[in-house]
Amino acid sequence: MAKKTLKKKVMKKKAQAKPAVKEFAAPMVDSAREIWLAGLGAFSVAQTESGKMIEQGNKLFEKLVSEGMKLEKKTRNVAGTAVGDIKGEVESKVGAVRKQAVDNWDRLEGIFENRVARVLGQLGVPTADEVNRLSARVQTLSRKVTELSKPAKKPAAKKPAAKKAAAKKPAAKKTTAKAAK
């Protein structure tokens, strides 16, 4: 039975404690609710402000892109001008180097030709000029021989007439040969 009395006493204390708990709990519940509502309000404000911020951020981004395009165009123009200038300088220097290389090559070719000609001369091989002069001389001599042989053929032209008579004689022989057959 002692247990039952103890239970009743505890219950009485709980019943008496409820109004006291309510007095202490009510301000805490109200505070907790106000904190919750403040959090919801902060979330709502943050959402609204972030929407504004996103809109402002998009405008700022578009403005930055526009400025970037302008800067890129200016940079391309400056770079194009600089590249054109550099290209002109490089081409002129390349032209000068090319001319110098051609001159050096011509000199080297001349030196090589002189050395080859000297060696061929030492070996007794005639040069192209010597061969050309000899050829011209042979042609001149050939013309002179032809001219000298022409007058000798004119008196020989009379002999062919005598040959014609001699040619007729064998023809007569042919007829006699035919008659003999």
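This is a predicted model: local features need pLDDT of at least 70, side-chain atom pairs count only at pLDDT 80 or more; totals for chains, interfaces and linings use all residues.
Colleague: How many salt bridges?
Modeller: The count is five. A salt bridge here is a side-chain nitrogen of Lys or Arg within 4 Å of a carboxyl oxygen of Asp or Glu.

Colleague: What does Glu-67 pair with?
Modeller: Lys-70, with the closest N and O atoms 3.7 Å apart.

Colleague: Where do Glu-67 and Lys-70 lie?
Modeller: Both are in helix H1, residues 2–123, three residues apart, about one turn of the helix. Helices (H or I, at least four residues) are DSSP runs, numbered from the N terminus.

Colleague: Is Lys-70 buried, exposed or partly exposed, and what is the relative accessible area?
Modeller: Partly exposed, at 47%. Glu-67 is also partly exposed, at 43%. Buried means under 20% relative accessible area, exposed over 50%, partly exposed in between (1.4 Å probe, protein chains only).

Colleague: Switching topic. Which residue does Glu-72 bridge to?
Modeller: Arg-76, at 3.3 Å between the closest N and O atoms. Glu-72 and Arg-76 are four residues apart in helix H1, about one helical turn. Arg-76 is exposed at 58%, while Glu-72 is partly exposed at 41%.

Colleague: And Lys-99, what is its partner?
Modeller: Asp-103, with the closest N and O atoms 3.3 Å apart. Lys-99 is exposed at 55%; Asp-103 is partly exposed at 31%.

Note on methods
Residues are numbered from 1 along each chain as its sequence is written. Side-chain values use heavy atoms; hydrogens and water are left out. Helices (H or I, at least four residues) and strands (E, at least two) are DSSP runs, numbered from the N terminus.
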